[in-house]
Amino acid sequence: MTTISAQFRNYREPTKDEGIREFFNAHPAGPDDIPPTGKDVTEISAVMSLKGEDQSYSGRLYLMPPFLAFVSLDRKSARFTLPLYTIRRVEKVNSRAGMFELSLVLWHQMKINVQLTSLRPTADSFCAQLRDALKAQLPQMKKLRPFIRVCYSEHLIKQDGEEYIDAEDDVKDGLEDGVDETIKEAQTEFLGGLGLTFKFPGDPKKLREKSKLKLWKEYLRTHGRNVTLVRYPSVQRLIQVGLPNRLRGDLWETLSGSVYLRFANQGVYEGILAKHKGETSTSTEDIEKDLNRSLPEYRAYQTEIGIGTLRRVLTAYSWKNREVGYCQAMNILVAAILIYMSEEQAFWLLEVLCNRLLPGYYSPSMHGTLLDQRVFESLVSRCLPIISDHFHTVDVQLSVASLPWFLSLYINSMPMIFAFRIVDCFFAMGPKVLFQIGLAILKINGEKLLEIQDDGGFIHLMRDYFNTLGDSAHPHASDSRMRAITNFQELLVVAFREFSVITDDTITSERKRHRNEIVSGIESFTKRAAVRNLKESGAFKKEQLGAIYDTLYKAICAVSASGSGASALAALETTDAQGRPETRIDLKTFRIFLSNVATWARDESIVSNAFVERIDRTVAEHELINRIFFFWDVSHRGALSFQDIVTGLNGVMFNDLMSNIEWFFTLHDKDKDGFLTRDDVLQLSESLLFIFRNEIGDAYLGTVSNFMTNAFEYGDALQPENNEKAEVPEGERAPEPPTNTPYLNLATFRMVVLADELLESFFDTDFSATFKLDIYPGPESPSESTGLIAGIGGLLSNLITDENKKTLNRFADEFGKSIGRHQVTYRPAIGKVDRDMALQEPKTRESLLSPQIRDRSMSSGSLTSGASSTSLAASTSEPLTPGLLPPQLPTIPALPERTPFAIDEVQDDDEDEEDEDDLVVTGGDETLDERSLTSLFKVDAFLQENA
Amino acid sequence: MAESGDAPVDKPVQVKLVLLGEAAVGKSSVVMRFVQNDFSENKEPTIGAAFLTQKCRLEDRVLRYEIWDTAGQERFHSLAPMYYRNAQAAVVVYDITKASSLEKAKSWVKELQRQANPNIVIALVGNKLDLVQSPAAAGAAPAGEEAEDEEADDATATPGEGGEQPLPEPEQEGESLRQVPKDEAAAYAQEAGLLFAETSAKTGEGVVEVFTEIAKKIPIEHILASTRGGSGSRAGGAQARPNVTLQEGQQPAGGKACNC
């Protein structure tokens, strides 16, 4: 089976708080930062102004530890995300009456004023929370200086020789200061990428690097930098003209928020590398194949230095995020960002890319990629209907061209210098940029696109267009300024002006709209592939294999959904014999799977209360199920593949009498030596009891007890040492033979089984019939109800989810109990025994031993008295009809109510009957209860005696 | 597209061909050899799929192959249908020095036969022949059913301006690297109704022939008919076309190799 990721199936829309954190890239970096309880994000209306800027903005201020964030009402003009550890001082400004204003002094000496425009109590409570949160983050401040010092943005400001870190005076922690001061001057080292050594792509003069750097220097000096950047409208323009190469890595980190992750996880990257040094995995093998083909035209990647850098980042990430591992296209992305950033910076940026900016893009199912392609298609049909229609007419699929655009952030499609400018905007403004650019590309090429006839033409057209991005968009214009506009500039203008309607919300809602379609598409594809790739499909038909797959998949989903987050993996991703990824399931998942296939592997109770009747289903746990799991685990991996399960089911579902007996025998033959030990026989009996636990009446119980008696009697008789034991005087127990020596072979087992009608029928057809592949309809159990209530029920079922359904059920149960109409009955696994038969006396046992052996074994003090049992059989074999029932029998309303395992509850009552000779049923006129107690006791006694 | 206008007499027939196979078996290299008659160790990786075209002359007809060279990594598998839909031909590549790659190839064949255009012409290609050849063996004519290889060899043996002309490494023990016996793969191909060849993208051996053989099998008349009939209907496949027998030996051995 190919891999299945249940994660995206169990996708849950982010909560409002999560959405806000998403917007600000303000994700808690570690589990410590998540507040234990209560509200995660506190927000308040505020007007923000920055000292040195005239403009102030009204918007919302958010406190979400460890961050304080602000965004203007239009959600783009002004915003900041400030880690609380960068706030050096908070003062309450007492200006005009009734105004509540806070003044924040940041690490980089900027002063931000926020006027809280809410009512006084709200503002007070916000301030109190802010104070607590600031206090909690205080220890982090110590780490700030060494962290910031190596940022290129600091270096850039410092170049002017200005004293920029006044903050040092305040936060002297003494520890490193002595050393620090001396080396500070000499310290010119800063973080940067391969570009510093191998040159950056593009001509610095043409890119106007110097003037860009100058503008940024001015901006960063007054608006903060790296961890404290405050975004004002001018920053948008600075980003859209392209970031200066030297500052690019620094700003990518800041704009995407990966810098906060790096701050909170210092040393983690190196740690991962050290921990997995020398280890390999399928991901590392895949990485090796691609190292030499990641931006090979860039000079660094023709050297060991560049290759080594790339290898370390990709490998470390594949260890960090095993679910993703490594996906082709990540190599291109990482190769690109490593030109501008250090390894550790790139590592955390990759984390942000894979988790937040491009969710699910690189996962094994690539569901994120497929989803966004679907979203893009839908946006094209909405915004560019003519092109979309033409594509439909000529049967051209948009994704053949657009998939690599999204998957490699255009880096693989356009000349690098242009792609990087798109990446700049992408980090600053989020995933919508990819869509806006894509739409603009199509729009600009609209006329030519209407002429294409096939995929090939589409690809060629796009390729030609990308190759002319640097050319003038209006080569024949008379105005020289018009002529100077390149195709790329035109592209950005179209993208951000004409497609500004595409917002984050558009993307979110489109993703939501198409998610199910994509999920079911992937699921059916995976299913088809899994079924097709089975090596052995046994006697199953294709639909049955599909049903097995579905059931398995549901089990995996059920476990992942119930598990706490990602830590509970229902499916294990391993590799098959060919080294292909493969999903295997563990025991826990297997139990759920089996419970949906075999009737005896679940407990089904029919709960009826005043309203409705419903079926509650729980997964049974028993040694038998574990036994089957390990029996089917032929490669001894402690986990089953789809193939293992198909082969396993095939080995039991189509069996006839003899092969079922053999299957059961082999299953319990622990050492597979062809003999059951005494232990094995007991285990086998317990398995049978387990299967029969919910059957009505005592017929099966009696059968199992007879089976055991027979098995042990026969087994003892066949023991070679039995003859010597014959010497043991009557009344004294022969010493028990060791419980783990070979005891019963298949032929004997078969004989014992065939001696009992019910067991024979069980092994002949009933057992195989307990396996059913039609799929359980899920939580929506068939509910039978009448009248008004049915109407309400129907209405309700449309409204209620699983969770409140549980609540509803609980309520209904309570109510049913209160009016005395609550009833729970267990569904039998076989259900063959009907009510009449249930009332029958369990058949008494006939010894299977031939008279000679029996004599011998009887004289040796063996267990039962054959004579009495046969005579009793005669007296009890007559079926009792309900009319003849003794009056004290309880009337049976629907199905008799009983607990699944009555044995333990009754054993105490019968202690005085411990004498083994009394183990036989002694009379036909007992009540049903007494009879069942007796046979229960028989079983119990045997278990005790032989355990 | 330039070709999409009116149809001159020898307007090339467009054939959509898709390359499938496990990662790193040399799909891209095979295409590169065919399209540019070149070989490079460090190929740009394939994201989703690379698209290339190459014309191929076969007797009186000119075919224009539109080649989709797909990514081999397993997780890109679910994207493959996008590329093989409407394809008239498929080259399924495996690595003769890696047994598991044939298994993957077989599963691709299965998938194509069930999901793709019902009349798709599939060629099974075992690549990296250079790794198992001693220099002596390389020159010798391949044995058995592929008698036409010998003639076709001439076509490929004249490299373009590349001048690289890599010689097979002198590895006497080369055969031991082989994990997939030729007979076994050929037998499977025969049984599954596939064209079959072993190639070396590095030396160029057998590569062009694969595409020539495919060209011979392609129901060109049908493609022309359906393209004329309306561009949307190409997906269907050939109802009217008589069944093509996909056995190797029946081809006229004298077919001119691609004139690339």
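**Close-up views of a two-chain predicted model**

Chain B contains 8 helices and 6 strands; helices (H or I, at least four residues) and strands (E, at least two) are DSSP runs, numbered from the N terminus. This is a predicted model, in which local features need pLDDT of at least 70, side-chain atom pairs count only at pLDDT 80 or more, and totals for chains, interfaces and linings use all residues. Residues are numbered from 1 along each chain as its sequence is written, while chains are lettered from A and ligands numbered from 1 in the order in which they are written.

**Figure 1. Layout of chain B.** Along the sequence, the elements of chain B follow the pattern β-α-β-β-α-β-α-β-α-α-α-β-α-α. Of its 260 residues, 48% count as buried. A residue is buried if 20 or more other C-beta atoms lie within 10 Å of its own, exposed if 12 or fewer, and partly exposed in between, with C-beta atoms placed from the backbone. Among contacts in chain B between residues at least 6 apart in sequence, 76% join residues at least 24 apart; two residues are in contact if their C-beta atoms, placed from the backbone, lie within 7 Å.

**Figure 2. Helices α1 and α7 of chain B.** Helix α1 (residues 27-36) of chain B packs against helix α7 (residues 207-217) of chain B at an angle of about 80 degrees, and their axes are 9 Å apart. Axes are lines fitted to C-alpha atoms, for helices over the stretch in contact, and angles run from 0 to 180 degrees between N-to-C directions. The angle makes α1(B) roughly perpendicular to α7(B); angles under 35 degrees count as roughly parallel, over 145 as roughly antiparallel, 65 to 115 as roughly perpendicular and the rest as oblique. V30(B), R33(B) and F34(B) of α1(B) meet V207(B), V208(B) and F211(B) of α7(B). By class, the residues of this contact are 5 nonpolar, no polar and 1 charged. Ala, Val, Leu, Ile, Met, Phe, Trp, Tyr, Cys and Pro count as nonpolar, Asp, Glu, Lys and Arg as charged, and the others, Gly among them, as polar.

**Figure 3. The side of chain B that touches chain A.** In the model, 32 residues of chain B are in contact with 40 residues of chain A. On the chain B side, β2 (49-58) and α3 (99-115) each supply at least two residues. The most comes from α3(B), with 7 residues. This side of chain B has 11 nonpolar, 10 polar and 11 charged residues.

**Figure 4. Helix α19 of chain A.** Helix α19 (residues 399-407) of chain A is mostly covered, with 9 of its 9 residues buried. Among them are W405(A) and F406(A). The cover over the buried residues of α19(A) includes α17 (367-383), α21 and α23 (455-467) of chain A, together with α2 (80-84) of chain B. Just after α19(A), L409(A) takes a positive phi of about 50 degrees.

**Figure 5. Helices α31 and α36 of chain A.** The axes of helix α31 (residues 657-668) of chain A and helix α36 (residues 757-769) of chain A come within 8 Å and cross at roughly 90 degrees. From α31(A), the contact uses L657(A), N660(A) and I661(A); from α36(A), it uses E760(A), F763(A), D764(A), F767(A) and S768(A). The classes in this contact are 4 nonpolar, 2 polar and 2 charged residues. An unreviewed UniProt entry annotates residues 656-691 of chain A as "domain: EF-hand"; UniProt positions are given in the numbering used here, feature names are shortened, and annotations may be inferred rather than shown by experiment. Over residues 656-691 of chain A, the chain is 72% helix and 6% strand, and the end C-alpha atoms are 18 Å apart.

**Figure 6. K214 of chain A.** K214(A) is found in helix α8 (residues 209-223) of chain A. K214(A) counts as partly exposed because it has 13 C-beta neighbours inside 10 Å. From C-alpha to C-alpha, K214(A) and I661(A) are 85 Å apart in space, and they are 447 residues apart in sequence.

**Figure 7. Confidence along chain A.** Chain A averages a pLDDT of 78, and 73% of the residues score at least 70; pLDDT is the predictor's confidence in each residue, from 0 to 100. Among the elements of chain A, helix α21 (residues 432-444) has the highest mean pLDDT (97) and helix α41 (residues 866-876) the lowest (39). The pLDDT is below 50 over residues 776-800 of chain A, a stretch with 19 contacts in the model beyond near neighbours in sequence.
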